Protein chains: 2
Amino acid sequence: MNIGESTISAADLDKKTVWFTGLCRERGLKVTPQRIAIYRELVKTNEHPSAEMLCEKVRQVFPSISLDTVNRTLLTLNDIGAAFIVEGSGDAKRFDGGLDEHQHFKCVKCKRVIDFSHEPFNNIEVPQEMEEMFVVLRKSVYLEGICDLCR
Amino acid sequence: MNIGESTISAADLDKKTVWFTGLCRERGLKVTPQRIAIYRELVKTNEHPSAEMLCEKVRQVFPSISLDTVNRTLLTLNDIGAAFIVEGSGDAKRFDGGLDEHQHFKCVKCKRVIDFSHEPFNNIEVPQEMEEMFVVLRKSVYLEGICDLCR
DNA sequence: TGACAAATAAGAGTAAATCCTAAATAGTAG
DNA sequence: CTACTATTTAGGATTTACTCTTATTTGTCA
């Protein structure tokens, strides 16, 4: 079990960036400084930021970036598998650049999304019947409730 | 295993309604005919309707009901745990009256949300550590991929 | 280096959800 | 039954989270 915190080293960040630029090229996507900046900001944090939150961060480095670009880019990242949209309920989309298997707990009050990793949950098996009918790309256990700070 | 379809009998619907009125009273909420009507319509279907869709259905019985009331009521249902919100991919919120414990599979192409129920998934256990730190209200296994129609 | 297609910025546009008001209505407790 | 208070209705205003359009810029590749 491991709840919350997890950081990325500068070395890992660079490694991820290299992997990401490769992935872009592979898919015929241009490697623009905006894309890199957005990807790096996303991967740096484990806060599952919204497009809005990321936009603010990226603006510190890239003052003229538009929210639209951030939004579009995040959807692109989701399409190519460099990030994904956290399953959630209703509000603004939340993104996750994390590639390790992990689960999410979402606080229904503050909307915070907290990572956790629990070995048995990483190993759940998709039933045969589902595999036959659908292509299952991602699986995760999703918990909702009230977090430590809100209760 | 059970994918997709599932209906509710008139008897079960009534049982749920009784449970729901009890829950309302417990929470000091008035048992209004609108609330009941909305709840019953939601529980009857497994289509994960939006507020708009539900409003139309309820209007067949209750022609003067306002969309605002439907919206407000659905959020109330969510608050007291009589329903919950499923991710609507940025579009309109979709609601689920949670007939039985079940899981969701979401198609990344057509955005369709498909219910399924798989005994082992219903019985997953939340780790002690999580229970101590958070109040866990809901747990589910969430799968994403490509559905039978899209692939 | 230059052409071209892709990507971006800026700003307008949109749809859903939420909030506001005020007046009418209707559960609920005493 | 009555008083109290929650809830509903209606219609407009506001907010949120995108989404589109158009002109401009910029990676990429020959």
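**Reading the contact between chain A and chain B**

Q: How many residues does each chain bring to the contact?

A: The contact draws on 38 residues from chain B and 38 residues from chain A. Keep in mind that this is a predicted model.

Q: What area do chain B and chain A bury between them?

A: Here's the general idea: an interface's size is often given as the accessible area lost when the parts come together. In this case, chain B and chain A bury about 3500 Å² between them, and 66% of that is on carbon and sulfur atoms.

Q: How many salt bridges and polar contacts cross the interface?

A: For chain B and chain A, the rule finds 2 salt bridges across the interface. In one of them, Arg138(A) joins Glu144(B), with the closest N and O atoms 2.8 Å apart.

Q: Which elements of chain B supply the side that touches chain A?

A: Strand S2 (84–86), strand S5 (113–117), helix H6 (128–133) and strand S6 (135–146) of chain B each give at least two residues to that side. S6(B) has the largest share, 12 residues. Sorted by class, the side of chain B that touches chain A holds 23 nonpolar, 5 polar and 10 charged residues.

Q: What is the order of the strands in the open sheet?

A: Its 8 strands go S1(A)-S5(A)-S4(A)-S6(A)-S6(B)-S4(B)-S5(B)-S1(B), with mixed pairing. Strand S1 (2–3) of chain A and strand S1 (2–3) of chain B are at the edges with a single partner strand each, so one side of each has no neighbour in the sheet. For S1(A), there are 2 bridges to strand S5 (residues 113–117) of chain A, in the antiparallel sense. Asn2(A) stands opposite Ser117(A) there.

Q: How many aromatic pairs are there over all chains, and how do I read one?

A: You describe a pair of aromatic rings by the distance of the centres and the angle of the planes. A search of the whole structure turns up 6 aromatic pairs over all chains. Among them, Phe134(A) and Phe105(B) are stacked, at 4.4 Å centre to centre with 15° between the planes. This pair crosses between chains: Phe134(A) sits in the loop between helix H6 (128–133) and S6 of chain A, while Phe105(B) is in strand S4 (residues 103–107) of chain B.

Technical notes. Residues are numbered from 1 along each chain as its sequence is written. Chains are lettered from A and ligands numbered from 1 in the order in which they are written. This is a predicted model: local features need pLDDT of at least 70, side-chain atom pairs count only at pLDDT 80 or more; totals for chains, interfaces and linings use all residues. Side-chain values use heavy atoms; hydrogens and water are left out. Contact means heavy atoms within 4.5 Å. Buried area is the accessible area (1.4 Å probe) that two parts lose on being put together, summed over both. A salt bridge is a side-chain nitrogen of Lys or Arg within 4 Å of a carboxyl oxygen of Asp or Glu. Helices (H or I, at least four residues) and strands (E, at least two) are DSSP runs, numbered from the N terminus. Ala, Val, Leu, Ile, Met, Phe, Trp, Tyr, Cys and Pro count as nonpolar, Asp, Glu, Lys and Arg as charged, and the others, Gly among them, as polar. Rings of Phe, Tyr and Trp (its six-membered ring) pair if their centres lie within 6.5 Å; planes under 30 degrees apart count as stacked, over 60 as edge-to-face and the rest as tilted. Two strands pair if DSSP finds at least two bridges between them.
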